[in-house]
Amino acid sequence: MRVSDLDILIIPGLGGSGPDHWQSRWAQKLSTARVVEQADWLRPARDAWVASILREIDVCARPVALVGHSLGSIAAASAIAESPAREKIAAAFLVAPPDPDSKGLPQGLIDPAFKEKAPQAALGAPGVIVASRNDAYADYGFSQNLARLWGLDFADAGESGHINAESGHGPWPEGLMRLAGLFSRLSP
């Protein structure tokens, strides 16, 4: 599939994605992409975040590709698992999903429901988890296990931190190439 064949929903994590983040850049660059807005980027409520994604999926006219980063990856996976319109979801591109038990995450800030209600089976959509070997919010083994649990491919991003603007991933052309590779494997 081509980008023009898909509605691309970009799902940022805690704090949203600033203007230098690859997600913000991709939202501007990809003609069919838009950011799923959340009522509160700083105090993420799992059910509200997932509901926002489900509303956006519902209004999409084309097959949907979810592009999540960090906590947005967990919210995206949860939306796929809970979507009554699952057949509309063509792909999931999930980058740097955090381990809810990570000591690096701000304590008391993350809604425990992100962990408690996270999918515990294959998502039933093609996709990939892209993970770094030195992400402060998720051990590399956690990310590999999550990909297996959710039935997704796994991509090793090397030592890339949290794969965000702070770790030097502004435009992130390598990620865009991985996304294009995922789309090329989808049937129209």
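**Figure 1. Packing of the buried residues of helix α1.** In this predicted model, the buried residues of α1 pack against strands β1 (7-11), β2, β3 (64-69) and β4 (89-95) and against helix α6 (173-184). Buried residues in α1 are W22, Q23, S24, W26 and A27. Helices (H or I, at least four residues) and strands (E, at least two) are DSSP runs, numbered from the N terminus. Buried means under 20% relative accessible area, exposed over 50%, and partly exposed in between (1.4 Å probe, protein chains only). Contact means heavy atoms within 4.5 Å. Residues are numbered from 1 along each chain as its sequence is written, and side-chain values use heavy atoms, with hydrogens and water left out. Because the model is predicted, local features need pLDDT of at least 70 and side-chain atom pairs count only at pLDDT 80 or more, while totals for chains, interfaces and linings use all residues.

**Figure 2. Surroundings of T32.** The loop between α1 (22-29) and β2 (33-35) holds T32. T32 is buried, at a relative accessible area of 10%. With neighbours within four places in sequence left aside, T32 is in contact with V3, S4, L6, D7, I8 and R62.

**Figure 3. Packing of α2 and α3.** Two packed helices are described by the angle between their axes and the distance between the axes. For α2 (residues 46-59) and α3 (residues 71-82), the angle is about 65° and the axes are 9 Å apart. Axes are lines fitted to C-alpha atoms, for helices over the stretch in contact, and angles run from 0 to 180 degrees between N-to-C directions. The crossing of α2 and α3 is right-handed; a crossing is left-handed if the near helix is turned anticlockwise from the far one by less than a right angle, and right-handed if clockwise. From α2, residues R46, W49, V50, I53 and L54 meet L71, G72, A75, A76, S78, A79 and E82 of α3. This contact of α2 with α3 comprises eight nonpolar, two polar and two charged residues. Ala, Val, Leu, Ile, Met, Phe, Trp, Tyr, Cys and Pro count as nonpolar, Asp, Glu, Lys and Arg as charged, and the others, Gly among them, as polar.

**Figure 4. The largest pocket.** Of its 19 lining residues, L14, H69, S70, H162 and N164 are the closest to the centre. The lining divides into eight nonpolar, nine polar and two charged residues. On a 1 Å grid over the protein atoms alone, a pocket is an open set of points where a 1.4 Å probe fits, with protein on both sides within 12 Å along at least five of seven lines, and lining residues have an atom within 4 Å of a point.

Figure 5. Most residues other than glycine have a negative phi. S70, in the loop between β3 and α3, has a positive phi near 55°. S70 is buried, with a relative accessible area of 10%. The phi of A96 is likewise positive, near 55°. A96 lies in the loop between β4 and α4 (113-116) and is buried, at 2% relative accessible area.

**Figure 6. G16 and D40.** G16 belongs to the loop between β1 and α1 and is partly exposed, with a relative accessible area of 21%. G16 and D40, 24 residues apart in sequence, lie 9.1 Å apart from C-alpha to C-alpha.
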